[in-house]
Amino acid sequence: MIWSIISEEEIFAGEPMKVPALRSVDYLGKRLLVRPGADGQGEIVSLLSTDPADFLDGRLAPGTRIRL
């Protein structure tokens, strides 16, 4: 038995799952993981910080589009 949040179809699929390319960038003095887009912008995937106040800043929220 497998306990996972990933569905059985994805675990036992014939092809490996494609992992989106992520880029580490500095934005507003903070380190972010961003999924780059073709239009010169990127979507924030994750904030890499040890300061709890950074996570309350809406400009750094996952899903936010930023210019790279």
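Helices (H or I, at least four residues) and strands (E, at least two) are DSSP runs, numbered from the N terminus. By that scheme, Asp54 sits in the loop between β3 and β4 (65-67). The model is a predicted one, so local features need pLDDT of at least 70 and side-chain atom pairs count only at pLDDT 80 or more, while totals for chains, interfaces and linings use all residues. Residues are numbered from 1 along each chain as its sequence is written, and side-chain values use heavy atoms, with hydrogens and water left out.

Back to Asp54, then. With a relative accessible area of 8%, Asp54 is buried (buried means under 20% relative accessible area, exposed over 50%, and partly exposed in between, with a 1.4 Å probe and protein chains only). Its side chain makes a polar contact with the side chain of Ser49, at 2.5 Å. A polar contact here is a pair of N or O atoms within 3.5 Å; within protein, one must be able to donate a hydrogen and the other to accept it, and residues adjacent in sequence count only if both atoms are side-chain atoms. Setting aside neighbours within four places in sequence, Asp54 is in contact with Lys30, Leu47, Ser49 and Leu60, where contact means heavy atoms within 4.5 Å.

Now for the strands. Two strands pair if DSSP finds at least two bridges between them. β1 and β2 run antiparallel and are joined by five bridges; Ser24, for instance, has Leu33 in β2 as its bridge partner. These two strands form a hairpin with two residues between them. Leu28 isn't a glycine, yet has a positive phi of about 55°. Leu28 is also partly exposed, with a relative accessible area of 44%.

Val34 has Ile44 as its bridge partner in β3. β2 and β3 form a hairpin too, with four residues between them, and Gly40 in the turn has a positive phi of about 85°. As a general point, side chains in a regular strand alternate between the two faces of the sheet.

Finally, there is a helix to mention: α1 (residues 8-11) includes Ile11. At 34% relative accessibility, Ile11 counts as partly exposed.
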